[in-house]
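Hello,

Here is the model for your pocket work. My notes follow below.

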Amino acid sequence: MKIYINGSYYDKSDAKISVFDHGVLYGDGIFEGIRSYNGRIFRLEDHLRRLQDSANAILLKLPLGVKEIERATVETVRVNGLKDAYIRLVVTRGMGDLGLDMRKCRGNATLFIIADKIELYPEEYYEKGLTLITSTIRQKGLDQVTPSVKSLNYLANIMARAEATAAGAQEAIMLNAQGHVSECSGDNIFFVKAGKIFTPPTSAGILVGVTRQVVMELAEEKMGIKVVERNFPRYDLYSADEVFLTGSGAEVIAGVKIDGRTIGKGIAGPITRALIKHFREYANSTGTPVYDEKLEKVK
Ligand code: PXG
């Protein structure tokens, strides 16, 4: 495996950053988790736009222009000879001293890119669905660093996921300070009721997921269903016909048990199944080409 760090490639065992990097000392940085399917990087522009937005929100100057970051991302996948990959792109504040002052990080921000094989949920989970719990950990409020920034501070999400694991569940739902459903530890959440699809709005405190956006587009274009963004309590999940999650890792996957309640028929429902199919067809036919850059991008 070759890992890109600030313009050079390193073997896995040599891929290191400084202990004085504020990404390590304070979680001061941002990241993206991106997929490539069949030699094409999925929605790379959307991920890079979100990276820019996150950088801007935390006063971080990206070390390269977006076009150059795009080229480095494509090249990292190519150098590793991968077609179906999970790409982790990280930008940290860079090397500073032991204080909080970001002005002490005098050099450029650190950019590293890892392209690895993808670990997926076993295929049976896409039929059977996942077991979910509600975490005791609340989503960060909008008056904190908003959850829309994909920052390196994932401790709350990691603690929420650990609660799920301890309960024998796969994912944890996080409520916001108002008690509304926001998202899961690493996925956005939707529910289906009487043929309509609902998902929390950005103002509920969510990462504005790339997969979430794609699923909203596919629901409208392929199924004629316009997803409604509104706040809702846990009760709406308990009483839903279907619940599903979206994320670059999970793609689209049903949640069939929540806090011990069975959702709908207790297996992936018809709308979730249709969206899984549409998503897979779309993901395998679109994206930025890795190996033949003369190929056109397909959006
Ligand atoms: N919310 C949170 C908190 C996330 O971390 C999503 C929503 C979905 O966003 P995207 O843009 O991916 O649709 C995420 C992203 C994994 C994995 O292996 C998780 C994510 C991304 C990639 C891999 O669990 N989470």
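Gln139, Lys140, Pro147, Val149, Lys150, Ser151, Asn153, Tyr154, Asn157, Glu183 and Leu207 line the largest cavity. On a 1 Å grid over the protein atoms alone, a cavity is a set of points where a 1.4 Å probe fits but cannot get out; lining residues have an atom within 4 Å of a point. The volume of the largest cavity is about 90 Å³. Volume here is the space filled by probe spheres set on the points, with grid points joined across faces, edges and corners. The structure has 1 cavity of 30 Å³ or more. By class, its lining has 4 nonpolar, 4 polar and 3 charged residues. Nonpolar covers Ala, Val, Leu, Ile, Met, Phe, Trp, Tyr, Cys and Pro; charged covers Asp, Glu, Lys and Arg; the others, Gly among them, are polar.

Some ground rules. This is a predicted model, so local features need pLDDT of at least 70 and side-chain atom pairs count only at pLDDT 80 or more, while totals for chains, interfaces and linings use all residues. Residues are numbered from 1 along each chain as its sequence is written, and side-chain values use heavy atoms, with hydrogens and water left out.

Next, the domains. The protein splits into domain 1 (2–116) and domain 2 (125–283), with bounds from an automatic or database domain assignment. Their centres, taken over C-alpha atoms, are 26 Å apart. In domain 1, 21 residues are in contact with 19 residues of domain 2 (contact means heavy atoms within 4.5 Å). The two domains bury about 1700 Å² between them, 60% of it on carbon and sulfur atoms. Buried area is the accessible area (1.4 Å probe) that two parts lose on being put together, summed over both.

Now the pockets. A pocket is an open set of grid points with protein on both sides within 12 Å along at least five of seven lines. The largest pocket holds about 710 Å³. It has 33 lining residues, and Tyr86, Arg88, Lys150, Gly186 and Gly249 are the closest to its centre. Elements that give two or more residues to this lining include strand S3 (29–37), strand S5 (85–92) and helix H5 (155–166). Helices (H or I, at least four residues) and strands (E, at least two) are DSSP runs, numbered from the N terminus. The lining of the largest pocket has 12 nonpolar, 11 polar and 10 charged residues. Domain 1 and domain 2 each supply at least three of its residues.

The second largest pocket has a volume of about 310 Å³. Of its 16 lining residues, Asp46, Arg49, Arg50, Asp53 and Val208 lie nearest the centre. Helix H2 (44–57) gives the most, with 6 residues. The classes are 4 nonpolar, 5 polar and 7 charged. Both domains give residues to this lining, so the second largest pocket lies between them.

Last, salt bridges: a side-chain nitrogen of Lys or Arg within 4 Å of a carboxyl oxygen of Asp or Glu. The whole structure has 19. Across the interface of domain 1 and domain 2 there are 2. Arg43 pairs with Glu217, the closest N and O atoms being 2.6 Å apart. Arg93 and Asp28 also form a salt bridge, at 2.9 Å, N to O. Arg93 lies in the loop between S5 and strand S6 (110–117) and Asp28 in the loop between helix H1 (22–26) and S3, so this pair ties together parts 65 residues apart in sequence.

Best wishes
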